[in-house]
Amino acid sequence: MGAEAYAQNFADLQPVLAPHEARVAADRCYFCHDAPCMTACPTSIDIPLFIRQIATGTSDAAAKTIFSQNILGGMCARVCPTEQLCEEVCVREVAEGKPVEIGRLQRFATDGLMAKGVHPFARAAPTGKRVAVVGAGPAGLACAHRLALHGHEVVILEAREKAGGLNEYGIATYKTADDFAAREVAWLLQIGGITVRTGMRLGRDIELANLQAEFDAVFLAIGLGGVNALHAVGEDLQGVRTAVDFIAELRQTADKSSLPIGRDVVVIGGGMTAVDAAVQSKLLGANSVTMVYRRGKDRMSASAYEQDHATAAGVRIIYGAAPVRLMGEGNVQAVEFAYTHQGANGLELGERFILQADQVFKAIGQTLTDSFIAKDGAKLVKRAGSVWAGGDCATGGEDLTVTAVAEGRDAAEEISAYLKGAMR
């Protein structure tokens, strides 16, 4: 496969609407009172308002409406499962089976303003308060921006080499073409008052107690660093790796032809990460790619749209099967699965079958590795003294950029109120 083919395979999945297309799409909106789409949005964007603004030719105002609630609205327009959220409850969808294209309209507005290099917000007067944000993913970035907006000084401490978190390392390349995640971070930082320090891992380079002593407040947004195990024989064979590591490597590699890919690839899991790994394996040139999910199609966390996209790309999906053992000598050569059915004590294994595989990707969810948070797991109290937590490390991993943004934004409002109270 030549460089041109790779470039085409990993090009923008759904290019931005043209101005006329956006106006036509916006005209389909009923501008509902108590709009169900707005209720379904985790960041509560005023969707009828921004679509009306597009319809009246004021797309920059529409972008500001979006960014006022979701500062990562550009990325969310690309990766948010709108078909399961705002568009699913759109009145047009309910009545006609064809919703207003909310996600594409959001991208039209946000991309247009960002392309001008304009940042629509200005910082309040400096408060003299300093906040440490640990983690430069969606939750951390949203929190930092909102804190800076209120006039506080923010230092983001990020373990990796780049800011962005899931947006930079965990989403398919064709959804975030042209290095959009990095460009969005740079645009967000135009608010001022935010310093980003990379290569700083909590527990290795920095300690929570030291941050509490140095800063007036701390926001933990460290995501989920661990990956769930298959607990299957042969999991340690060569050729078996986590889907998140594969996606991160692909995102950071400019020359896609340099990435090794198996001839027969098996992806174990049923979420959007599994779909991203499977589709991109096919785009890299794998001969056959099979996703295997242990439950039925209706239980799969990847949306119907994502599943259809995978099958359209040539990925086969097998539902209701779980891995029993991975087979091979040194390198994986096959995976034995068992069909599952719901029994009295949960999923029970039935008839078995074997899939040939010289590469296997595990996409069965991530877990928290930092013991000082993990001891409370998903029940983590989101505030303890001057420390807050948000995003996947606090919720257990919804794997949605939009949810993380909402939590970071809301935590920033709480932190700011706490700091202003301390100033009185």
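**Exercise 1. Find what share of the 424 residues in the chain is buried, then describe the chain as a whole.**

*Solution.* Start with burial: 53% of the chain's 424 residues are buried. Keep in mind that this is a predicted model. Next, look at the secondary structure, which comes to 18 helices and 16 strands. The radius of gyration is 22 Å, close to the 22 Å that the globule rule gives for 424 residues, so the chain is as compact as a globular protein of that length.

**Exercise 2. Work out the strand order of the open sheet of five strands, and say which strands stand at its edges.**

*Solution.* Read across the sheet and you meet β6-β13-β7-β8-β9, with parallel pairing. The edge strands are β6 (240-242) and β9 (316-319); each has a single partner strand, so one side of each is left without a neighbour in the sheet. On average, neighbouring strands here are turned by 20° against each other, direction ignored.

Now zoom in on one pair. Strand β8 (residues 288-293) runs parallel to β9, and four bridges join the two. As background, strands of a sheet pair through backbone hydrogen bonds.

Helix α13 (residues 243-252) lies across β6 and β13 (359-362), and α13 runs at about 75° to β6.

**Exercise 3. Decide whether S416 is buried or exposed, and list its contacts beyond four places in sequence.**

*Solution.* First locate the residue: S416 lies in helix α18 (residues 401-423). Its relative accessible area is 1%. Buried means under 20%, so S416 counts as buried. Leaving aside neighbours within four places in sequence, S416 is in contact with L147, H150 and H152.

**Exercise 4. Find where pLDDT stays under 50, and consider how to read that stretch.**

*Solution.* Begin with the whole chain: the mean pLDDT is 92, and 94% of the residues reach 70 or more. Over residues 371-381, however, pLDDT stays under 50. The model has 16 contacts beyond four places in sequence for this stretch. Where pLDDT is low, the predicted coordinates should not be read in detail.

How values were computed
Residues numbered from 1 in each chain as written. Predicted model: local features only at pLDDT ≥ 70, side-chain atom pairs only at ≥ 80, totals over all residues. Heavy atoms only, no water. Pairing = 2+ DSSP bridges. Axes fitted to C-alpha atoms, helices over the stretch in contact; angles between N-to-C directions. Contact = heavy atoms within 4.5 Å. pLDDT = per-residue confidence, 0-100. Rg over C-alpha atoms; globule rule 2.2 N^0.38 Å. Buried < 20%, exposed > 50% of the residue type's maximum accessible area, 1.4 Å probe, protein only.
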